[in-house]
Amino acid sequence: MSKATEYWEKRRQLEDLARYKLETDTTKMLQEIFPEALKRIQEKILSQADLHKMTQAELLADYNKRDQTKYRKYIDQNYQDLMNSDEKYQEFIDEFFPAYDYAKVNRLLQIRTDIFSELASSMIKKDANGKFEQRLEDIINRTYNTNAGPMAFLTGAELNMLPKSEIQDLLNYPWSGRTFSNRLWGNVSALEKKLSEAISNAVANGDGVRAALISMRSDTEISDMFKKEEKKFDRAIENLVRTEYSHFAVQGIRKSVSKAGINERQVWTAEDERVCSICGAWHGKTITDEPGPPFHTVCRCTEIPKM
């Protein structure tokens with residue numbers, strides 16, 4: 001390893017340690033938003049007395065009878081009888097249009113709206129998206145500025161502050177198919193879906209919403225049903241934060257390298273036992289216009305200038 005490479009590797013190690021603390025703080029900030037929202041969701045669901053006796057059987061009674069193929073076949077075979085016989089027509093109505101209690105159905109459907117409304121309100125009230133964006137902007141500036149000085153000294157290039165417009169372009173580019181904001185809201189939407197499914201699955205045994213949510217009455221915090229999904233959400237948020245930080249830290253480095261007039265960079269892994277086969281294969285490789293790291297979720301790879 002050349003002295004130049006060794007120098008940049010040491011810098012990366014120090015930068016990664018500092019970034020890890022920032023990632024941890026941001027993860028904690030996002031994860032702390034939702035416990036209160038989950039409590040409010042539980043209270044709202046429990047207050048809906050008309051749901052307490054609703055069962056999956058009530059909601060899905062005779063579901064198979066509404067099969068469209070069977071419906072069309074019935075019409076074809078009984079068209080004349082339906083036209084001429086009130087009795088046959090009533091049989092048709094009973095067969096394919098079971099008498100649901102639409103008020104109850106609508107209230108159960110409202111659960112999903114209530115859940116997402118509470119989660120979204122918490123996000124907006126805490127300005128989670130804005131704070132996340134500000135912290136990603138900070139990591140771009142941080143990595144750019146800490147590298148701009150040495151790059152300017154070594155190359156003689158004049159590196160000014162990174163313009164706000166360039167930072168916004170980086171933040172708004174959907175590098176993984178979606179922007180960081182889309183991915184953050186996607187995680188919120190996924191949590192809503194999982195919470196709704198948790199309730200629906202619990203109701204499926206026929207005991208109704210009251211039995212499904214009974215643990216909520218004895219748990220002033222978050223019921224076991226919701227805790228399970230909250231833990232999954234927390235892991236997803238941590239993966240999101242660490243991956244986005246990794247990407248934007250590399251973008252800051254890349255900007256400093258390109259503005260110094262250096263066209264080639266090297267991929268550098270963490271060089272420990274946790275390095276995966278994907279990253280290990282990239283270690284030390286020279287890249288120019290290739291996308292570069294991160295190569296996967298929570299990737300720890302970075303780039304160093306090839307000088």
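Two strands are taken to pair if DSSP finds at least two bridges between them. In the predicted model described here, three strands form an open sheet with antiparallel pairing, in the order β2-β1-β3. Strands β2 (286–287) and β3 stand at the edges with a single partner strand each, so one side of each is left without a neighbour in the sheet. Strand β1 (residues 265–268) is joined to β3 by four bridges, and these two strands run antiparallel. Within this pairing, Trp 268 has Thr 302 of β3 as its bridge partner. The antiparallel pairing of β1 with β2 comprises two bridges, and Arg 265 stands opposite Ile 287 of β2.

The side chains of a regular strand alternate between the two faces of the sheet. In strand β3 (residues 302–305), Thr 302 and Ile 304 point one way, whereas Glu 303 and Pro 305 point the other way. All four of these residues of β3 are buried. A further arrangement concerns a charge and a ring: the charged end of Lys 285 sits over the ring of Trp 282, at 5.5 Å from the ring centre.

Four aromatic pairs are present in the structure. One of them is formed by Phe 34 and Phe 233, in an edge-to-face arrangement with 4.7 Å from centre to centre and 85 degrees between the planes. Phe 34 belongs to helix α2 (residues 34–46) and Phe 233 to helix α12 (residues 224–259), so this pair ties together parts that are 199 residues apart in sequence. Both Phe 34 and Phe 233 are buried. In the pair of Phe 132 and Phe 180, the ring centres are 5.5 Å apart and the planes lie at 90 degrees, so this pair is edge-to-face. Phe 132 is located in helix α7 (residues 128–155) and Phe 180 in helix α9, so parts separated by 48 residues in sequence are tied together. Phe 132 and Phe 180 are both buried.

Helix α7 also contains Asn 141. This residue has a relative accessible area of 17% and is therefore buried, the cut-off being under 20%. When residues up to four places away in sequence are not counted, Asn 141 touches Leu 162 and Ile 167. The C-alpha atom of Asn 141 is separated by 9.9 Å from that of Lys 255, although the two residues are 114 residues apart along the chain.

Ile 167 is also one of the buried residues of helix α8, which are Glu 166, Ile 167, Leu 170 and Leu 171. These residues cover an arc of only 140 degrees around the axis, which puts them on the same side of α8.

The loop between α8 (164–172) and α9 (180–203) contains Thr 179. With a relative accessible area of 15%, Thr 179 is buried. Leaving aside neighbours within four places in sequence, Thr 179 is in contact with Leu 171, Asn 172, Tyr 173 and Pro 174. The side chain of Thr 179 is additionally joined to that of Asn 182 by a polar contact of 3.1 Å.

Conventions:
Residues are numbered from 1 along each chain as its sequence is written. This is a predicted model: local features need pLDDT of at least 70, side-chain atom pairs count only at pLDDT 80 or more; totals for chains, interfaces and linings use all residues. Side-chain values use heavy atoms; hydrogens and water are left out. Buried means under 20% relative accessible area, exposed over 50%, partly exposed in between (1.4 Å probe, protein chains only). A polar contact is a pair of N or O atoms within 3.5 Å; within protein, one must be able to donate a hydrogen and the other to accept it, and residues adjacent in sequence count only if both atoms are side-chain atoms. Contact means heavy atoms within 4.5 Å. Rings of Phe, Tyr and Trp (its six-membered ring) pair if their centres lie within 6.5 Å; planes under 30 degrees apart count as stacked, over 60 as edge-to-face and the rest as tilted. A charge sits over a ring if NZ of Lys or CZ of Arg is within 6 Å of the ring centre and within 35 degrees of the ring normal. The arc is that of the directions from the helix axis to the C-beta atoms.
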